[in-house]
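Here is a short tour of one protein chain, written to be read with the model open beside you. Take a look at the fold, and then we can go through it together.

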Amino acid sequence: MDRLGAAMSSIYSPEYSGANAIDGDLSTISATGNYRERGAWVSVQVRTEDDSPITYVIVHNRDDAYASWLEAFEVWIGSSFGDHRSQDAQLCGALRHVPAAPGPFSVQCGACSSTHMHGCDGTYVTVIKTGVGYLSVSEVVVYSHAQPPSSPPLPPNAPLPPMS
């Protein structure tokens, strides 16, 4: 899906803006700016193909000493940046335990409406931290088809998984 824009509930500093969550670069970071903030969020505006529902969202965490800032989160589909409380907002899914690792972390959208068995209708995807503190992500990627893409190839010199 085309990602058209991004916004955040607060910004740590201009170099950590919401735009970094949609720039395709896993080395850039979006971070909120208030360690006392409850429900910090980053939100991405998307264009769906043929009004296809949003079926899953992949969140890439930062890969440094602050990876624990992501923690548990929910993914909401709505009609504006940060929309997770309006009557139009739909809970796509949640991860209740997120390790301090780069991920990626995938959230599959359930049946959000009677129109679709899988997926949610909307043009804004909001990743909201369920606790208090900073929220930071590297990238938010949104899909509108049934299955997530296959895992990326292993890096060079990485040990192969055990044979079963």
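## Strand E8 and its partners

Let's begin with a pairing: E5 and E8 run antiparallel and are joined by six bridges. Please keep in mind throughout that this is a predicted model. Within this pairing, Glu 74 stands opposite Ile 128 in E8. E8 also pairs with strand E3, which covers residues 41–47; here five bridges join the two, and they again run antiparallel. On this side, Val 44 is the residue that stands opposite Val 125 of E8.

How many of the residues in strand E8 are buried? Six of its six residues are, over the stretch 124–129, so the strand is described as mostly covered, with buried meaning under 20% relative accessible area. Both faces take part in this: Tyr 124, Thr 126 and Ile 128 are buried on one side, while Val 125, Val 127 and Lys 129 are buried on the other. Val 125 and Ile 128, which stand opposite Val 44 and Glu 74, therefore belong to opposite faces of E8, both of them covered.

## Salt bridges

Five salt bridges turn up in a search of the whole structure. One of them brings together the side chains of Arg 47 and Asp 2, at 3.2 Å from N to O. This pair links distant parts of the chain, with Arg 47 in strand E3 and Asp 2 in strand E1 (residues 2–8), 45 residues apart. Both partners are partly exposed: Arg 47 has a relative accessible area of 45%, and Asp 2 has one of 41%.

Is Glu 74 buried or exposed? Its relative accessible area is 17%, so Glu 74 is buried, whereas Arg 96 counts as exposed because its relative accessibility is 55%. A further salt bridge joins Asp 64 and Arg 62, whose closest N and O atoms are 2.8 Å apart. In that pair Asp 64 is partly exposed at 34% relative accessibility, but Arg 62 is buried at 6%.

## Backbone features in the loops

Two spots are worth a look if you enjoy backbone geometry. Which two residues are joined by a cis peptide bond? They are Gly 103 and Pro 104, with omega at about 15°. Pro 104 is found in the loop that runs between strand E6 (90–95) and strand E7 (105–108).

The other spot is Glu 71, which is not a glycine and yet has a positive phi of about 50°. Glu 71 lies in the loop between strand E4 (56–60) and strand E5 (73–78). With a relative accessibility of 38%, Glu 71 counts as partly exposed.

## A buried serine

Finally, please turn to Ser 17, in the loop between E1 and strand E2 (30–31). Its relative accessibility is 18%, and so Ser 17 counts as buried. What is Ser 17 in contact with, leaving aside its neighbours within four places in sequence? The contacts of Ser 17 are then Met 8, Ile 11, Ile 29 and Ser 30.

Methods
Residues are numbered from 1 along each chain as its sequence is written. This is a predicted model: local features need pLDDT of at least 70, side-chain atom pairs count only at pLDDT 80 or more; totals for chains, interfaces and linings use all residues. Side-chain values use heavy atoms; hydrogens and water are left out. Helices (H or I, at least four residues) and strands (E, at least two) are DSSP runs, numbered from the N terminus. Buried means under 20% relative accessible area, exposed over 50%, partly exposed in between (1.4 Å probe, protein chains only). Two strands pair if DSSP finds at least two bridges between them. A salt bridge is a side-chain nitrogen of Lys or Arg within 4 Å of a carboxyl oxygen of Asp or Glu. Contact means heavy atoms within 4.5 Å.
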